[in-house]
Amino acid sequence: MIKQTLLRSILLSLFLFLTACSGGGEDQEETAVCTNGGTDYPSCTAPVCANGGTDYPTCTAPVCANGGTDYPTCTAPVCANGGTDYPTCTAPACANGGTDYPTCTAPVCANGGTDYPTCTLPFCAIAGIEHPDCVDASLPEFLVESDFFNDTSSSIPVERQMTLVNEPGDDSSNLQTLINQLNAQGGGNITLPASPDPEWVLGEIKLASNVHIIVEPAVVIKPKRFTYNGPLFHLGYDGGPYIRNVSIRSSSATEQFTIDMSDLSDDLYILDEEPPRLVPFSVKHVENFMLSGVYVIDKGTVHSSVNLVPSKTDGIWAGASNGLVKDITVINAHGGYGAVQVRVGENVFFKNIESLGGGATLRIETDAVSASGGQAPLEISKIADIFGYNIKCKNGNAAVMIQPWGATNGRFDVQKIAADSCGAAVRIDRAFVDWQTSSGQFTNPDNLPVGSFSADSRITDVTTIYGTNAQVKQGTLPFVPCELRYLWLADAIPYMETFHQGPSISPLLYAASSTTIDDPRFYSIMVPSEQELREKSTGFPSASKTISRDNEKLFACD
């Protein structure tokens, strides 16, 4: 029985084997499939990915080692900034220091140099300069005030800092007494207060060494005239002691006190029509002084508001030295005078001076011999190292006027000059030596000394506005263009003898020079070029000259 069962099982297995080998049944028509995607069963060669991938059928694209995206060519990417180390793309360095490769714009040196990065300071035509403006560090704008005035007022002890009481009427005697007392004690400060009464009546005040007068800005001083020329304040005087370390100043750095001469008495005239004479500040033999913060209301008086002249003490003539005059405004001045006249002086700085409606703002005219009645010796009647900065004129003669007489002077240096409807911004007159023929030819039969100024004297930075309210002297009328002479009024300005209202002549009236003739009275100093003057001039008619010289004057018009 067991044998029969075993045999039956063997036969059944053989039958199943034979059936499978013959592909019998309903599966005989099916095609075999390669498991790797091959199509040549039974060889089953693996397919190749079109993008070079090796994981068919996913076919992940291979990555170019150089960052390219076009495998298998693998073109190397280009850095936008010109670098060669993609993907880091380090920017190439411009050989000239530029940062915008490949344009490589050359950097600009902050000091104007052209050899970046060394940036060597460029050379300018003048010494002591800084580019790009080529500014000369020796110009007046860079001067230090303490090099001219050493202020000792801050060292005065409290017990010698006094306030004067404004008594009714004239306080001249009270102020003079206090000045003398403080001088005897070694010096002091005196304040003139605006309260309770801002109006002070003063005259012929003589400063003494180491005394400083400090005036509150609301104060109005009414000068009282005692003598012919009538100084209000003496800083040194004939026969008086040599003084030093003095000042008269506003107590405010920004506000001025007032000297009002508008109601000055018209008495003590020599002639019926001569203007009154009064000098607010007569500056003589004094060293280390300052005048600061003053507004002067003039009345067309003879003499400038600040007048530097020599004086004689113990047989010795001398003038002012080491001084600072600043923040001075003068209105209604005489055409022949103005804010400041420097007849003699050394190492004095004039800063922020303006004359509104009259005269020359800064007049450097060395006529001390004549002004002293021929007594002052010529060798001390001269100037040296006179400086000016921010000098302004409106409706006047000139902002700056220069004229030597017989003295051979030292150097002056004036910068930042402005004139609005003045005869000229700068007037440079020939030496005044009063010997010539009727034709104007210089003869000098007595061999009188002919003055001049140092050739390194200079005028810089001149701004001029043309106008018809200038004070034009009869002697300068020949410089007025014929086309404009109808603007010169025939009648002289009241109390001003030879001055008439008229048109501005030129930015620079250089009567001490000529393009055609030589004259011993001529002299050369440094002045701006015509182009520089023209660029800073406004409103001049076409008939006007930028620089008017001696040979260009016409005494008569056709």
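## Surroundings of T90

Leaving out residues up to four places away in sequence, T90 touches N81, G83 and D85, where a contact means heavy atoms within 4.5 Å. The side chains of T90 and D85 are joined by a polar contact of 2.7 Å; a polar contact is a pair of N or O atoms within 3.5 Å, of which, within protein, one must be able to donate a hydrogen and the other to accept it, and residues adjacent in sequence count only if both atoms are side-chain atoms.

T90 lies in the loop between α1 (2-21) and β1 (129-130); helices (H or I, at least four residues) and strands (E, at least two) are DSSP runs, numbered from the N terminus. T90 counts as partly exposed because its relative accessibility is 47%, the classes being buried under 20% relative accessible area, exposed over 50% and partly exposed in between (1.4 Å probe, protein chains only).

## Basis of the model

This is a predicted model, in which local features need pLDDT of at least 70 and side-chain atom pairs count only at pLDDT 80 or more, while totals for chains, interfaces and linings use all residues. Residues are numbered from 1 along each chain as its sequence is written, and side-chain values use heavy atoms, with hydrogens and water left out.

## Two buried residues

S305 is found in the loop between β13 (286-297) and β14 (306-308). S305 is buried, with a relative accessible area of 0%. Not counting residues up to four places away in sequence, the residues that S305 touches include V279, F281, V330 and G338.

K222 has its place in strand β8 (residues 220-223) and counts as buried because its relative accessibility is 16%.

## Pairing of β25

Strand β25 (residues 458-465) runs parallel to strand β23 (residues 412-420), joined by 7 bridges; two strands pair if DSSP finds at least two bridges between them. In this pairing, Q415 stands opposite T460 in β25. β25 also pairs in the parallel sense with strand β29 (residues 537-538), over 2 bridges, and I465 stands opposite T538 in β29.
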